[in-house]
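I opened a notebook for this structure and went through it one topic at a time. The entries follow in the order I made them.

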Amino acid sequence: MYKTIGVVAHVDAGKTTFSEQLLFHTQSIRKRGRVDHQDAFLDSHSIERNRGITVFADQANFSFNGTTYTLIDTPGHVDFSPEMERAIQVMDYAIIIISAADGVEGHTETVWQLLQKHRVPTFFFLNKIDREGVDAATVVNEVKGSLSDNVFNIAELTADDMTETLIEFIAERDEALLERYMEGAYDFDVWLDALTRMIRDCEVFPYGLGSALKDIGVMEFLERFDRLSTTMYANNDEFAARVYKIRHDENGHRITFVKVLQGELRVRDEVTYGDTVEKVTQIRSYNGTKYDSRDSAQAGEIVAVMGISEAAAGDPIGALTEKSTFDLLPTLKAKVIFDSSIHVKEVLRSFMMLDAEDPSLHVGWDEHVQEIHVHVMGVIQLEVLKQIVMDRFQFDVSFGDPKILYKETIRSTVTGYGHFEPLKHYAEVHLKMEPSMRNSGIAFVNACHANDLSIGHQNLVRSHLFERPHHGLLTGSALTDVTFTLLTGRGHIEHTSGGDFREATFRALRQGLEKADNILLEPYYDVKIKVDTEHIGRILSDIQQASGSFEPPEMIGAKTVITGRVPVATFMNYSTTFASFTNGKGALTLQFGGYDECHNTEEVIEAIGYNKDADPEYTSTSIFCAKGKGYPVPWDEAEAAMHLL
């Protein structure tokens, strides 16, 4: 049996130390490393060891009771949370490490929500239970209040029986078992099967207590975890896999890590993803930084594959068709600064390699201003990027001050019209544009009849709408939360070429925006603050001054908890101020809470200074043809000139 387990946590909860104990006790490593000693097996990169944090999701293998485990140690720092989210996509089970000394922290809640979204069965390990002043019951109650009430102590399962409390816990969640329980017909094997199913279906969540550093409770936890977790992979089905991550070896060769979900993969097999077919030239099984070459991989395994050149993280391969979506998105953009002696193509090539490994970077070349930009979660990520570039590519870069990543949408429904007809070219597109749910992105609906426009040309319109982010009119920021409906269109049997529909589609989009009520969006934090009562007034005032909102404060024990919502632009540097006036005794959690209307639209528009009429990539003007010559028609006159009206 193969199982992939991920260890996830808020930063400094003890995640890597816990992983080291598992590897040591299962004889996968000979010596237990420590983060503070800079010798942890899974923090193998110099950046991780120097900083004392996990940056990359790395894996190790171990065997226990006849099961082969792949253990993924994920980053806990919020700046590297997209790396953690990509790892979640391939986990069979997750173990959330919670520091009992700190309780449920904000990033823990983010991790929990992602695991629930992706339906990953989850166990909890309440770490640092040996710390002075820690009360296990209080931490368990906090887990129940903040995450799920359906948790139980894994220690209540013994080798061949359960406590009465656990027996009742299971029976209360299964009508058939409850009836048997009331009749006194308890059967250990039946109850154990039911419990295993409930965990697998994300209905209940076991927790264990211990100290990873002092090696208390770790192996007892693993023994019960092994009994309560199951996987069922089919080797005989058609091959299917999902791309987990992309890396490059020391020679710059691309390595594609995949989770085999069904079937078998062999060296020299041809694999399909999208419209691409490529041959697998090598299969590697990684354990930390070392690997063994393999002839094949079975369902349930994570392996590294050579020969796949274009697939991205989250892409389906083989019989799998659904592409992964990711929730954690950067809210900042920074310019890459480098010495003029380094050719821009070399810098861009290096950053595109990093972009393949971390697609949340969205590395882009702005031709208009001749600059490279990257998207990031925070300042620490920029510091790490600087070191990565130096270590891997041997040149120095710096970054401009991070700027907020704004987006744009529309408030009401409009129809955009685009016509492109210079001499010997022809395409016309009519697009209905409707505002959609906030943070839903771009969607496409096809209402065009094949009698009006061929299926091939309809597909071209769709592909052009999704080929890149489109500029809004207010600041040139990416357009989002819009549903495009292709109403109709027209091509010409002789004069239409592929690029014509790209021109017509973009002009239709832009013409629609010219008529729309455009809205500027900015990223928001979901804020959670836990402090002594004396600081409540100051914090509520700070949130209001930052153009935020908050719920009525709530008392939890001796602390007051404030939850709210604040623009990233006004609160991104608040942690320093907060630590100062609370003397480091408060808890501040800032989670990305999606996009909403900008609190200072006019100020931002003026500061960015985008000129919609001078955008080199877009125009709202349509091109018509008369007397063998093309001529422009402005957006406000184009609709009347359309051929299909």
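Entry 1, exposure. I call a residue exposed when its relative accessible area is over 50%, and buried when that area is under 20%. The model is a predicted one, and I kept that in mind throughout.

I looked up lysine 424 and found it in the loop between strand E24 (414-420) and strand E25 (427-435). Lysine 424 has 60% relative accessibility, so it counts as exposed. Its phi is positive, about 70 degrees, although lysine 424 is not a glycine.

Lysine 128 is not a glycine, and its phi is near 60 degrees. I placed lysine 128 in the loop between E5 and helix H5 (136-146). Is lysine 128 buried or exposed? Its relative accessible area is 15%, so I noted lysine 128 as buried.

Glycine 274 is in the loop between strand E11 (270-273) and strand E12 (276-279). Glycine 274 counts as exposed because its relative accessibility is 70%. I also checked its distance to aspartate 315: the two C-alpha atoms are separated by 8.8 Å, and the residues are 41 apart along the chain.

I counted 24 aromatic pairs in the structure. One of them joins phenylalanine 18 and phenylalanine 125, with ring centres 4.8 Å apart and planes at 45 degrees, so I wrote it down as tilted. Which parts does this pair tie together? Phenylalanine 18 lies in helix H1 (residues 15-25) and phenylalanine 125 in strand E5 (residues 122-127), so the parts tied together are 107 residues apart in sequence. Phenylalanine 18 has 0% relative accessibility and therefore counts as buried. Phenylalanine 125 is also at 0% and counts as buried.

I then looked at phenylalanine 152 and phenylalanine 169, which form a tilted pair with centres 5.4 Å apart and 50 degrees between the planes. Phenylalanine 152 is in strand E6 (residues 151-153) and phenylalanine 169 in helix H6 (residues 164-171), so this pair ties together parts 17 residues apart in sequence. Phenylalanine 152 and phenylalanine 169 are both buried.

Ring pairs also link residues into a cluster, which I listed as Phe18, Phe62, Tyr69, Tyr93, Phe123, Phe125, Phe221 and Phe225.

I asked which residues of H6 are buried. They include Leu166, Ile167, Phe169, Ile170 and Ala171. Among the elements covering the buried residues of H6 are E6, helix H7 (175-182) and helix H8 (188-200).

The charged end of lysine 245 sits over the ring of phenylalanine 257, at 4.7 Å from its centre. I noted that lysine 407 lies over the face of tyrosine 595, and that the ring centre is 4.7 Å away.

How do helix H10 (residues 344-357) and helix H11 (residues 379-393) pack? Their axes are 11 Å apart, and the angle is about 115 degrees. I recorded the crossing of H10 and H11 as right-handed. From H10, the contact is made by Ser350, Phe351, Met353, Leu354 and Glu357. H11 brings Leu385, Ile388, Val389, Arg392 and Phe393 to the contact. Sorting the residues of this contact between H10 and H11, I got seven nonpolar, one polar and two charged.

Terms used:
Residues numbered from 1 in each chain as written. Predicted model: local features only at pLDDT ≥ 70, side-chain atom pairs only at ≥ 80, totals over all residues. Heavy atoms only, no water. Phe/Tyr/Trp six-rings, centres within 6.5 Å; stacked < 30°, edge-to-face > 60°. Helix = DSSP H or I, 4+ residues; strand = E, 2+ residues; numbered from the N terminus. Buried < 20%, exposed > 50% of the residue type's maximum accessible area, 1.4 Å probe, protein only. Lys NZ or Arg CZ within 6 Å of the ring centre and 35° of its normal. Axes fitted to C-alpha atoms, helices over the stretch in contact; angles between N-to-C directions. Left-handed = near helix turned anticlockwise from the far one by under 90°. Contact = heavy atoms within 4.5 Å. Nonpolar A, V, L, I, M, F, W, Y, C, P; charged D, E, K, R; others polar.
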